[in-house]
Structure formats: C-alpha cells, structure tokens
Amino acid sequence: MQKSPNYFGFLWDLMIDNYQVCSFTSLEKSILTDSPQIYGGGDIYQSHEEQLELLHRFTSGMHSMSMASALVWPGVVDFSRHRVMLDIGGSSGAHSIGAVLRLPDLQAIVLDFPQVCEVAEGYIVEYRLQERIKTCGANIWNDHWPSADLHFFSNMYHDWPPEKCHFLTAKSFRYLESGGRIVIHEMLCNDDKTGPFAPAAFGMMMMGWTEGKQYSGLELSTMLKEIGFEDIQIHKASGYYSIVTGRKP
C-alpha cells in the first residue's frame with residue numbers, strides 16, 4: 001500500500017526509471033571511464049538541482065529504501081544520552097524520523113540541499129514530528145553545520161571516494177561537540193573485500209550511480225581513528241546494514 005510507512009514501491013519506480021544504468025554496457029563504461037553513468041553520465045546531484053522532478057523521484061526512492069532500517073539502528077546502541085542528531089545528507093529525513101520515534105528525548109536536524117529539505121518537510125509533517133525534526137538547507141561540503149552531539153550518515157560514504165569520505169569525517173570531528181558520536185550506516189564488505197554477496201552486488205550497481213564504493217568496517221574504523229575518534233565500534237543493524245560509530249574525546 002502506497003500509504004504504508006514502509007512502502008517500497010518508490011524505490012522500484014526509481015530503479016525502473018533508470019534501468020539502463022545497471023546494463024552491462026553502462027557498467028562497462030563506468031569501469032572504463034571511472035565515472036557514474038546515471039542520467040546519461042552527468043553529475044547526479046547537479047542533475048537534481050537542475051531538474052526538480054528527478055530530485056523528487058530520487059528522494060522518494062531513498063525514503064522507501066531507508067524507512068524500515070531507520071527504525072532499527074537507533075536501538076542497536078544506547079543513544080539515549082544524545083540530545084540533537086544532525087542527519088547529514090539526510091534526504092527524506094527517514095532516519096531522523098526513525099531516530100526520534102525510538103528515542104523520545106532526541107531532536108533531529110536534516111541537513112541537505114534546500115530543495116531536498118522541502119521534500120523532507122512533507123514526510124516530517126506526515127509523521128507529525130515538526131516540533132522535533134527541523135531541516136537545514138545547505139551544501140554539506142562548503143557550509144556551516146548546525147550544533148549537534150550526534151552525527152549520522154546513511155548511504156553517504158558509498159557515494160564518494162576515500163578522500164571525500166575523509167573530508168566528511170574530519171568535518172564531523174570538527175563540528176561535533178566533545179563527547180559527541182558519529183554514526184555511519186552502510187552495507188559493509190568484509191575486511192579482505194571478498195564479499196559478502198549483497199554489499200558486493202550493491203557496490204557494483206552503485207558504480208553506475210556514484211563516484212564511490214562499498215567500504216569495509218576496517219576501512220571506516222581506520223578512517224575514524226586517523227581523524228581522532230575513540231571508542232570505535234561496529235554493530236550489525238537491519239538486514240545487510242551495519243553501523244560504524246566513534247566518539248569525539
């Protein structure tokens with residue numbers, strides 16, 4: 001049912017609309033050119049800025065993909081001491097919605113492009129969470145991040161190569177309050193990058209969509225440690241997803 005909070009159809013719509021990205025020809029071109037092939041080979045986020053219909057369909061697809069897992073990860077670790085979560089690149093706000101539903105004392109801020117925040121606000125209203133979830137329209141790379149003691153990234157790191165992930169990790173460390181925590185929610189490869197099948201297959205599909213790849217828990221943990229995070233942990237979450245988390249001293 002389309003009105004169900006766990007409706008998955010918007011993601012299938014997105015996949016069907018862009019089926020050619022997963023063709024052998026597109027995957028071959030992605031490998032040979034080391035570039036994504038979505039929307040004919042353009043920059044995915046620039047395309048969304050220029051064509052709002054693409055942005056709306058993509059954000060709806062991300063909501064379908066995220067909502068079920070958003071209700072699981074907040075219960076994997078005790079996050080009850082945290083008061084404000086910054087949902088970085090938060091898209092529809094699904095993970096902010098899931099977090100505040102599970103954690104009654106938590107407030108959340110969805111940080112994304114202004115046009116994306118407009119879509120997120122519609123989902124926030126659906127759940128009647130306007131008093132607990134706000135949006136902040138900004139460029140996550142260049143702009144200031146609001147104050148928070150919990151930074152959350154879902155399906156963000158796999159969009160970018162290591163140097164850009166390192167930049168996001170360092171910016172998180174800089175903006176987090178002392179004692180604050182970073183949470184990275186991803187499908188993780190094993191440490192020797194030989195599987196499992198689901199993250200490997202997802203990573204192959206994402207070659208057509210993004211600049212990045214699926215990372216291992218070891219790679220992300222090492223990145224957090226290099227930046228200065230402590231108490232680094234990896235926990236299984238929903239389905240194929242895990243969280244990698246660390247604390248700023």
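Residues are numbered from 1 along each chain as its sequence is written, and side-chain values use heavy atoms, with hydrogens and water left out. Because the model is predicted, local features need pLDDT of at least 70 and side-chain atom pairs count only at pLDDT 80 or more, while totals for chains, interfaces and linings use all residues.

Of its 249 residues, 52% count as buried, that is, under 20% relative accessible area with a 1.4 Å probe and protein chains only, whereas exposed means over 50% and partly exposed lies in between.

Next, select Val 72, which sits in the loop between helix 4 (52–70) and strand 1 (84–88), and which counts as partly exposed because its relative accessibility is 31%.

Then turn to the aromatic rings, of which the structure holds eight pairs (rings of Phe, Tyr and Trp, the last by its six-membered ring, with centres within 6.5 Å; planes under 30 degrees apart are stacked, over 60 edge-to-face, and the rest tilted). Select Trp 73 and Phe 79, whose ring centres are 5.6 Å apart and whose planes stand at 75 degrees, so this pair is edge-to-face; both residues are buried.

Key. Helices (H or I, at least four residues) and strands (E, at least two) are DSSP runs, numbered from the N terminus.
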